[in-house]
Amino acid sequence: MPSVFIKTYGCQMNERDSEAVAAQLVAKGYTLAPSEAVADVVLLNTCSVRDFAERKAIGKMQNIAADVRKNRPNVVLGFMGCMAQSRGQELIDKLPDVDLVLGTQKFHHAADYLDEILSGHRDKIVDVAAEPGSEATIREHLLYGNVARNGDGHRPPLQVTAYVSIMQGCNQRCTFCIVPDTRGEERSRGIADIVSECRQLVSQGVKEITLLGQIVTSYGKRGNVSLAPRGTSGERVGARGILENGLLTPALSSFGEEREKTPFVQLLEAVHEIEGLERIRFTSPHPKGYGDDLIEAYAQLPKLVESAHLPVQSGSDRVLKLMHRGYTRERFLGLIKKLRRARPDIGITTDIIVGFPSETEDDFEQTLSLAHEVEFDNAYLFKYSPRRDTPAAGMPDQVPLKIREQRNHRLLETINEIGKRKYDAFVGRRTQILVEGPSRKNPARMTGRTRCNKIVVFDGSARHRGQLLDVKITRAGSFTLYGDPAIVNL
Ligand code: SAM
């Protein structure tokens, strides 16, 4: 059978999509190649969020195509994911060596389309059409790496953490963002379906699950989502927050009136019931989606770890309004306060865009001051990149690249300085980690993650994988903590 190499650009959602495609191909008998240089099939799973990400993938494909044309003409080349979706046929017109262009609602067809191309039945395939129900097709996992699961049933899985895709698409229409075009309208899977996938993962040794979606807090808000999980005989399962008759438990909002829990919180509660699951994370939420029920969930659900990624994008109300974000700086700060009240040790990370059209020095200073005020544990910084067909791309007063770069640099210094202080504060503290496996930088050491999502490197061994360990932090590096092996609880 052929071998496949998948290179992924962009976010965790893309990582998860690549894993699901790889798992489908492995189940069909493919092997996973260690690099594109030796693979029979090379797929690039692309990102469109910034122009840079698109250019990187196109450049990579140009290099691969040049090599393949000269040395290995039978290799099949494909683009999949966000850029494949937004550019479609245009990619093959530009790069005629490419055989397959697979959109974001078509990942589950990868194996069939590759069969058709490899067997010579079809020459080129471009499929970027919408497909109802595709949100529920990202379900296969690759917990056992390159080895098909049925080949070695007794081996512990290589992964103790897993991503589970709960929804696809985005309806937010932030003025800078191309995602609603590349991922389509919001579509959510049913709770029972998601819980069953999580249960399956836990039965295979997974201890931590991250629920994924473009805007997870919008889970279940649109369309006909079946919310309450059902037991084998069809009865409603008594997950907290869901009554036996299938009606939703009313929750009291902080204003005192009765309110239904949001579908996302209902999902968290249902996943929380899974025995053997130790930790739940989710990404990426929208600050608007943090209602009182979600804050309450942090206080009530111990498996929901004290970590939140809250993309703020800017500290200036004027810019937030132009971005169409739907919250103000004050509301965002209020949210942080509530979260810290519910979980004082919560780790908070964010996304920030610098140089949005018309951003002034004063707007930028407000972003700097917000970073100081919140004291983010870390932040992903993005220089604004105009995306085609987005309202912001046509806005007046585009900020010159040089200024975007300078602001990015200044903000990075601030984020690093705050991060250093926050990481240093862990030194001498005892903290729980979930051991994930060998450290990527130094495989002789092991790595784990704190509940607040900080990486801890320590001297351990393979038998620690999957364990929850208390370690004492001895040193803090740049966004990494180091634990003392002498005080690992064995
Ligand atoms: N859930 C997130 C939110 O609340 O907006 C969206 C995740 S988005 C795929 C990842 C990040 O990419 C965004 O948070 C934003 O900071 C950044 N981003 C999106 N469009 C961008 C653009 N045109 N230029 C620069 N950064 C962008």
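This is a predicted model: local features need pLDDT of at least 70, side-chain atom pairs count only at pLDDT 80 or more; totals for chains, interfaces and linings use all residues.
1. Residues are numbered from 1 along each chain as its sequence is written, and side-chain values use heavy atoms, with hydrogens and water left out. Local features need pLDDT of at least 70 and side-chain atom pairs count only at pLDDT 80 or more, while totals for chains, interfaces and linings use all residues.

2. Helix H12 spans residues 361-374; helices (H or I, at least four residues) and strands (E, at least two) are DSSP runs, numbered from the N terminus. Glu-375, with a positive phi near 55 degrees, follows H12.

3. In H12, Asp-363, Phe-364, Thr-367, Leu-368, Leu-370, Ala-371 and Val-374 are buried (under 20% relative accessible area; exposed is over 50%, partly exposed in between; 1.4 Å probe, protein chains only). These residues lie on the same side of H12 because they cover an arc of only 155 degrees around the axis, taken from the directions from the helix axis to the C-beta atoms.

4. The whole structure holds 40 salt bridges (a side-chain nitrogen of Lys or Arg within 4 Å of a carboxyl oxygen of Asp or Glu). One of them joins Lys-28 and Asp-112 at 3.7 Å, N to O; the two are 84 residues apart. Lys-28 is partly exposed at 45% relative accessibility, and Asp-112 is partly exposed at 37%.

5. Arg-222 and Glu-186 form a salt bridge, with closest N and O atoms 2.3 Å apart. Arg-222 is partly exposed at 35%, whereas Glu-186 is buried at 6%.

Terms used: The expected span of a helix is 1.5 Å times one less than its number of residues.
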